[in-house]
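Dear colleague,

Please find the structure below, handed over for your use. A summary of the findings follows it.

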Amino acid sequence: MKPFALNIAILCSCSAIVAVVGDVGTATSYDPPYLPTKCRGSRLDQFPEGGFFVAASEGLWDNGAACGRRYLMRCISGLKRPCKDGFIAVEVVDLCRASPCPATLLLSNKAFDAISRYPKAHVNIEYAQI
């Protein structure tokens with residue numbers, strides 16, 4: 001095997017390993033007002049620069065330990081092929097306010113726009129804590 005071909009094989013097997021480490025869940029967007037949050041109340045400085053933040057479902061909330069956790073995520077499927085290419089990094093700032101929560105992660109409108117062509121879609125995601 002040529003050295004170049006060997007490098008490609010190693011890269012392919014590594015990306016397959018990364019995919020197995022991540023979890024699969026669902027996501028949708030949620031609208032403002034985003035304040036107050038369960039993590040830091042009405043503090044404006046809790047939101048990450050760029051506006052990519054999420055509210056976590058009860059399953060990820062972990063009695064508030066999820067506050068500040070960051071996830072690398074991407075859209076993997078949904079009705080009418082909503083997914084945009086690429087990964088985004090998001091930060092947990094709140095607990096989902098609906099019970100039951102409609103998704104694993106509720107994304108800010110800006111974050112959801114980065115992964116989906118349709119603003120009110122319900123999509124399947126792959127995510128991993130970073």
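Is C96 buried or exposed? C96 is buried, with a relative accessible area of 7%, where buried means under 20% relative accessible area, exposed over 50%, and partly exposed in between (1.4 Å probe, protein chains only).

This is a predicted model, in which local features need pLDDT of at least 70 and side-chain atom pairs count only at pLDDT 80 or more, while totals for chains, interfaces and linings use all residues. Residues are numbered from 1 along each chain as its sequence is written, and side-chain values use heavy atoms, with hydrogens and water left out.

Disulfides

The structure contains three disulfides, a disulfide being a pair of cysteine sulfur atoms within 2.5 Å. In sequence order, the bonded cysteines of the protein pair as 1-2, 3-4, 5-6.

- C96 and C101 have their sulfur atoms 2.3 Å apart; with 100° about the S-S bond, this link is right-handed. C101 counts as partly exposed, at 21% relative accessibility.
- C75 is joined to C83 with an S to S distance of 2.0 Å, and both residues are buried. The torsion about their S-S bond is about -55°, so this disulfide is left-handed.
- C39 and C67 are linked with their sulfur atoms 2.1 Å apart. Their S-S torsion is about -90°, so this disulfide is also left-handed.

Barrel

Six strands close into a barrel in the order β1-β5-β2-β4-β3-β6, with mixed pairing. Strands (E, at least two residues) and helices (H or I, at least four) are DSSP runs, numbered from the N terminus; two strands pair if DSSP finds at least two bridges between them.

Strand β1 (residues 23-30) pairs with strand β6 (residues 123-129) in the antiparallel sense over five bridges, and V24 stands opposite E126 in β6. Strand β2 (residues 53-56) pairs with β4 (residues 88-95) in the parallel sense over four bridges, with A56 opposite L95. Three bridges join β2 to the antiparallel strand β5 (residues 105-108), and here V54 faces L107. From β2, F53 and A55 point one way and V54 and A56 the other, and all are buried.

Residue S29

S29 is found in strand β1 and is buried, at 11% relative accessible area. Its side chain reaches the backbone oxygen of P119 at 2.9 Å, a polar contact (a pair of N or O atoms within 3.5 Å; within protein, one must be able to donate a hydrogen and the other to accept it, and residues adjacent in sequence count only if both atoms are side-chain atoms).

Kind regards
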